[in-house]
Amino acid sequence: VLLQGIPNSGKTFMGGDMLLHESQYGPVKFINVKGEDGWASVAGMGLGKVGVTVESEADVTAVAADMIREKTHAAVLDGSRVLWGLILYGMMQADKPGSQPHLPDPKIDGDRSKAYWASARFRLEENIKLLKTSCKVFLATTVSAQDVHEITGEKQVAPDIYGKAGSGLVGLFDFAGYMTWSIQGPGRVRREVSFQTRSDVQTRQRLAVPITENVILPDGPGGWALVKAAFTKGLRKEKK
């Protein structure tokens, strides 16, 4: 599952809620990307010492190996965009040690600039695939931004990752949801997650019976159980 949304929409909290629910079935792990650092959103859930921070592709590889060895049931990757930045920065530093951080630029990097963009997208996807195949339930978060779809040309809300990596990220997951919130009154916030097909947001769902309405989330834990129930209901058509 990929969850996208603007800051404060509840993505990291939902990830922690997923781990809390799934911990009844086996070991869980919260993977923080250095720079994302959303620990406060899950610190009070009683998950125990399940967190680890990654700072490089080598760290991701090591965490994936640990997950396989520990037979991790469920894991959360908090900060897909930040991971992309770490991959790109590490790649450029390997070619030009000590250079200032910057996006690939033909004026600075010459013909290598195009290769950096393509390689960073490929390597992000490979790291995501490595993590999601190292456990049974995998959830990743990313912030959203307005984007133009590379094929349709339509303006859409999509994962906020430079270049074309955002659209590619959605395609790696069985489910990609968009989280939103609205103020309902003093101290009351309504949070929802949308998986249904939309022209204004990049979403995804692999179900026999598609989800057609937003999942309304409770004020506190329990949202993952509702999302999971929606997935389960849509897995097969009911016999008449």
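# Turns, strands and side-chain contacts

User: Is K71 buried or exposed?
Analyst: The relative accessible area of K71 is 70%. The cut-offs are under 20% for buried and over 50% for exposed, with partly exposed in between (1.4 Å probe, protein chains only). K71 therefore counts as exposed.

User: Good to know! Before we go on, which atoms do the side-chain values use?
Analyst: This is a predicted model, in which local features need pLDDT of at least 70, side-chain atom pairs count only at pLDDT 80 or more, and totals for chains, interfaces and linings use all residues. Residues are numbered from 1 along each chain as its sequence is written; with hydrogens and water left out, side-chain values use heavy atoms.

User: Back to K71, then. What is its phi?
Analyst: K71 sits in the loop between α2 (57-70) and β4 (74-78); helices (H or I, at least four residues) and strands (E, at least two) are DSSP runs, numbered from the N terminus. Most residues other than glycine have a negative phi. K71 is not a glycine, yet its phi is positive, at about 55°.

User: N8 also has a positive phi although it is not a glycine. Where is N8 placed?
Analyst: The phi of N8 is about 75°. With a relative accessible area of 58%, N8 is exposed. Its place is in the loop between β1 (2-5) and α1 (11-22).

User: Let's turn to the strands. Which residue in the turn of the β7 and β8 hairpin has a positive phi?
Analyst: β7 and β8 pair in the antiparallel sense over 7 bridges, where pairing asks for at least two DSSP bridges between two strands. The hairpin has 2 residues between its strands, and the turn residue with a positive phi, about 75°, is G187.

User: And on the β10 side, which residue is the bridge partner of V193?
Analyst: β8 is joined to strand β10 (residues 215-217) by 3 bridges, and these two strands run antiparallel. In β10, the partner of V193 is V215.

User: Now the rings. What kind of pair do F30 and W39 form?
Analyst: The whole structure has 7 aromatic pairs. The centres of the F30 and W39 rings are 5.4 Å apart, with the planes at 50°. Rings of Phe, Tyr and Trp (its six-membered ring) pair if their centres lie within 6.5 Å, and planes under 30 degrees apart count as stacked, over 60 as edge-to-face and the rest as tilted. F30 is buried at 1% relative accessibility and W39 is partly exposed at 34%, and their pair is tilted.

User: What about F195 and F231: how many residues apart are they?
Analyst: Their ring centres lie 5.1 Å apart and their planes are at 75°, so the pair is edge-to-face. F195 is in the loop between β8 (188-194) and β9 (204-205) and F231 is in helix α7 (residues 223-234), so that the pair links distant parts of the chain. F195 is buried at 1% relative accessibility, as is F231 at 8%.

User: Moving on to charges, how many residues apart are E126 and K129 in helix α5?
Analyst: A search of the whole structure gives 14 salt bridges, each being a side-chain nitrogen of Lys or Arg within 4 Å of a carboxyl oxygen of Asp or Glu. One of them joins E126 and K129, with the closest N and O atoms 2.7 Å apart. Both are in α5 (residues 112-132), about one helical turn from each other, because their separation is 3 residues.

User: How far apart are the closest N and O atoms of R198 and D200?
Analyst: R198 is partly exposed at 27% relative accessible area, and D200 is partly exposed at 37%. The two form a salt bridge in which the closest N and O atoms are separated by 2.9 Å.
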